[in-house]
Amino acid sequence: MMDDHERHEAGMTVRRQVLGDAHVDRAVAGTDGFTADFQDFITRYAWGEVWTRPGLDRRTRSCITLAVLAALRHEEELAMHVRAALGNGLTEQEVAEVLLQVGVYAGVPAANRAFTVAREALRREAG
């Protein structure tokens, strides 16, 4: 079992692998006394505890993350994780399939907005 320091280190490694150094560097640079505990929390638990578990591969975790973020209409996070999903091996078509699934189980309005957000994120990724 990892201690908090090891969990943070493992989380930071995975966070950088999934989201990219530029994104993580911006988040770290923007950390202040108000947000430091939250940044530590997400690094240790979201990335160091959940994303490092062996039970699911990163592609599957990306699919689940896209679906949940789309269903909850967390657009900024969705765009970030669309780009991350590509890095985790998903194709644009697979991202679209996840969003179709969202339409059935979370509603057409959520999926409609998610497709718009994802399309823009994919365009930015393509350059």
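Predicted model: local features only at pLDDT ≥ 70, side-chain atom pairs only at ≥ 80, totals over all residues.

Start with helix H1, residues 4-19, and helix H3, residues 36-50. Their axes come within 7 Å and cross at roughly 80°. Angles of 65 to 115 degrees count as roughly perpendicular, so H1 is roughly perpendicular to H3.

Which residues in H1 meet H3? From H1 we have Asp4, Arg7, His8, Ala10, Gly11, Met12, Val14, Arg15, Val18 and Leu19. Facing them in contact, H3 supplies Gln39, Asp40, Ile42, Thr43, Arg44, Tyr45, Trp47, Gly48 and Glu49. By class, the contact of H1 with H3 has eight nonpolar, five polar and six charged residues.

Now the cavity. How many cavities of 30 Å³ or more are there? The count comes to one, and the volume of this largest cavity is about 40 Å³.

Its lining consists of Leu69, Ala70, Arg73, His74, Glu75, Leu78, Ala110, Arg113, Ala114 and Val117. The elements that give two or more residues to that lining are helix H4 (58-72), helix H5 (75-87) and helix H7 (108-126). H7 gives the most, with four residues.

To recap: H1 and H3 cross at roughly 80°, and the largest cavity, of about 40 Å³, takes the most lining residues from H7. That is all I have.

Conventions:
Residues numbered from 1 in each chain as written. Heavy atoms only, no water. 1 Å grid on protein atoms, 1.4 Å probe; cavity = no way out; pocket = protein on both sides within 12 Å on 5 of 7 lines; lining within 4 Å. Points joined across faces, edges and corners; volume = space filled by probe spheres on them. Axes fitted to C-alpha atoms, helices over the stretch in contact; angles between N-to-C directions. Parallel < 35°, antiparallel > 145°, perpendicular 65-115°, else oblique. Contact = heavy atoms within 4.5 Å. Nonpolar A, V, L, I, M, F, W, Y, C, P; charged D, E, K, R; others polar.
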